[in-house]
Amino acid sequence: MYSKYKTIIEPFKIKSVEPLGFTTPEERKEVLRKADYNLFKIPADKVLIDLLTDSGTGAMSGEQWACIMRGDESYAGARSFFTFESAIKDLTGYKEVMPTHQGRAAERILFSIVGGEGKVFLSNSHFDTTRANIEATGATAIDLPIQEALDFEKSLDFKGDMDLVALQKIIEEKGPASIAMVIITVTNNSLGGQPVSMKNISEVSKICKKHNIPIFLDAARFAENAYFIKLREKGYSNKTPKEIAKEMFSYAEGCLMSAKKDAIVNIGGFLAMNNSTWAKRAREVEILGEGFPTYGGLAGRDLEAIAQGLTEVLEEEYLNYRIMSVAYLGSGLRKQGVPIVEPPGGHAVYVNAKKLLSHIPPEKFPGQALVCELYLEAGIRACEIGSLMFGKTNNGKFEPAPMELVRLAIPRRVYTQSHIDFVVEAFENLAKKKNTIQGLKIVESSPVLAHFTARLAPVR
Ligand SMILES: *Cc1c(COP(=O)(O)O)cnc(C)c1O
């Protein structure tokens with residue numbers, strides 16, 4: 001409709017606003033010191049622009065808020081459950097639908113049924129909670145991304161694809177009977193939020209059908225993935241995002257979803273599948289941990305808002321704005337000479353801190369150093385994905401992560417273009433003084449998920 005215009009505008013107007021957390025440089029210095037240089041420990045009202053995550057941080061629409069009032073809070077068989085169930089059946093085509101309080105609850109339920117000792121799960125990349133829930137059952141999770149996904153400078157349309165040769169090889173090696181499931185994560189969050197092509201999904205499906213291996217989609221960002229297919233894959237430019245999403249779901253037997261992403265709600269998730277034997281067992285597990293299967297750890301109003309969010313997220317004006325605004329941040333950073341993972345993903349831009357701060361060695365956490373400096377510079381909060389998150393110490397010897405990245409995740413419908421311009425300007429200032437940025441050392445850490453709680457200090 002407005003395709004002759006170069007300017008892509010936010011496809012909404014603002015009805016309710018929330019003030020940003022303005023602070024002085026001195027205040028930020030003090031806040032950061034008190035938080036032991038760990039941004040997870042900073043009070044959110046001391047953050048100006050919060051790019052820590054896109055999970056559960058989106059802004060609901062007026063219609064979703066109306067859904068909140070419309071929610072039916074009956075314990076069993078609430079009207080809101082049937083609204084939720086029919087929205088998901090219509091989208092995915094799967095027969096059995098179970099709400100959960102968030103994505104990882106769906107993971108825990110599913111893997112308690114199909115996981116266990118000796119079982120193997122294969123994926124383009126398991127998200128960290130997905131891997132943790134698989135491993136908690138005694139099973140093994142193996143990532144099979146395409147080789148190019150690890151080359152951050154190489155720009156490809158579908159860097160989220162699974163390596164088909166590696167998939168076939170490992171099925172032969174391990175034997176099809178030991179492969180519990182193939183999980184396709186759309187988009188691939190762990191490796192830059194990169195999309196998976198329809199061609200890849202359909203070929204993985206062909207291979208799995210031949211060996212009788214079930215496929216599930218980890219569908220947290222299914223709509224962003226569908227829109228990338230529309231923009232980049234031959235034969236899809238005239239299809240609607242919903243038609244494309246339906247085709248994606250049609251190649252799998254079920255899905256897990258964190259509704260905190262592409263259902264644009266602040267909490268929620270679901271598990272959906274065709275296998276009614278598994279579904280029966282899943283409901284038994286669900287009652288133990290989540291609640292009766294028509295609410296699964298959520299309020300009726302949440303179910304109602306998820307159903308509405310799943311419709312809004314597939315609107316083309318929304319998806320165009322979403323994908324273009326992330327790309328806009330990417331191109332702004334590129335112009336400032338800031339090295340990023342190419343191309344920008346669907347929900348975030350990943351800055352290559354190893355390259356930007358090449359004077360800081362991995363054992364001094366260049367990613368975390370950049371995260372801290374970004375906060376000191378402008379009150380922006382980002383997330384390190386590097387040696388603080390994934391580094392290990394074996395027999396006193398430090399083993400760095402393969403990458404030192406800083407993720408700038410964009411919450412849905414929350415910030416405007418001027419906020420993004422501000423972030424780019426902050427990086428412009430940082431890039432100028434990058435040689436003065438110092439590394440960090442760990443003062444105290446815990447054995448599990450250390451990045452959430454670690455205490456750090458600056459080091460020369
Ligand atoms: C967020 C996420 C999950 C886990 O969902 P939660 O709602 O955070 O529990 C699983 N997979 C992917 C790809 C995710 O991004």
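This note sets out points on the sheet, helices, aromatic contacts and backbone geometry of a predicted model.

1. Basis of the values. The model is predicted, so that local features are given only at pLDDT of at least 70 and side-chain atom pairs only at pLDDT 80 or more, whereas totals for chains, interfaces and linings use all residues. Residues are numbered from 1 along each chain as its sequence is written, and side-chain values use heavy atoms, with hydrogens and water left out.

2. The sheet. Seven strands make up an open sheet of mixed pairing, in the order β2-β8-β7-β6-β5-β3-β4. Strands are DSSP runs of E with at least two residues, helices are runs of H or I with at least four residues, and both are numbered from the N terminus; two strands pair if DSSP finds at least two bridges between them. The edges are held by β2 (96-100) and β4 (140-143); each has a single partner strand, so one side of each lacks a neighbour in the sheet. On average, neighbouring strands of this sheet are turned by 20° against each other, direction ignored. Axes here are lines fitted to C-alpha atoms, for helices over the stretch in contact, with angles from 0 to 180 degrees between N-to-C directions.

3. The β7-β8 pairing. Strands β7 (residues 254-258) and β8 (residues 269-273) run antiparallel and are joined by five bridges. Within this pairing, M257 stands opposite F270 in β8. F270 also belongs to a cluster with F81, F82 and F84, linked by ring pairs.

4. The whole structure holds 13 aromatic pairs. Rings of Phe, Tyr and Trp (its six-membered ring) pair if their centres lie within 6.5 Å; planes under 30 degrees apart count as stacked, over 60 as edge-to-face and the rest as tilted. One of the pairs is edge-to-face and consists of F365 and F398, at 5.9 Å centre to centre and 85° between the planes. This pair links distant parts of the chain, 33 residues apart: F365 lies in the loop between α13 (353-356) and α14 (366-378), and F398 in strand β13 (residues 397-399). F365 counts as buried because its relative accessibility is 5%, while F398, at 25%, counts as partly exposed. The cut-offs are under 20% relative accessible area for buried, over 50% for exposed, and partly exposed in between (1.4 Å probe, protein chains only). Separately, the charged end of K261 sits over the ring of F127, 5.4 Å from its centre; the criterion is NZ of Lys or CZ of Arg within 6 Å of the ring centre and within 35 degrees of the ring normal.

5. Helix α7. The 14 residues of α7 (residues 198-211) should span 20 Å at 1.5 Å a residue, and the end C-alpha atoms are 20 Å apart, which agrees. The expected span is 1.5 Å times one less than the number of residues. Its buried residues are M198, N200, I201, S202, V204, S205, I207 and C208. These pack against α6 (164-174), β5 (179-185), β6 (215-218), α8 (222-232) and α9 (241-250), where contact means heavy atoms within 4.5 Å. N212 follows α7 and has a positive phi, near 65°.

6. Helix α4. Nine of the 12 residues are buried, so α4 is largely enclosed by the rest of the structure. Among them are E107, F111 and V114. Just after α4, G116 takes a positive phi of about 120°.

7. Residue R322. This arginine is found in helix α12 and is buried, with a relative accessible area of 1%. Leaving aside neighbours within four places in sequence, R322 is in contact with D54, E224, G346, H347, I410, P411 and R412. R322 and P411 are 89 residues apart in sequence, yet 9.7 Å apart in space, C-alpha to C-alpha.

8. Backbone geometry to inspect. Most residues other than glycine have a negative phi, and most peptide bonds are trans. A cis peptide bond joins V186 and T187, with omega about -20°; T187 lies in the loop between β5 and α7. The bond from E342 to P343 is also cis, with omega near -15°, and P343 lies in the loop between α12 (316-335) and β9 (348-352). F365, although not a glycine, has a positive phi of about 50°. N395 likewise is not a glycine and has a positive phi of about 50°; N395 is placed in the loop between β12 (392-394) and β13, and counts as exposed at 85% relative accessibility.
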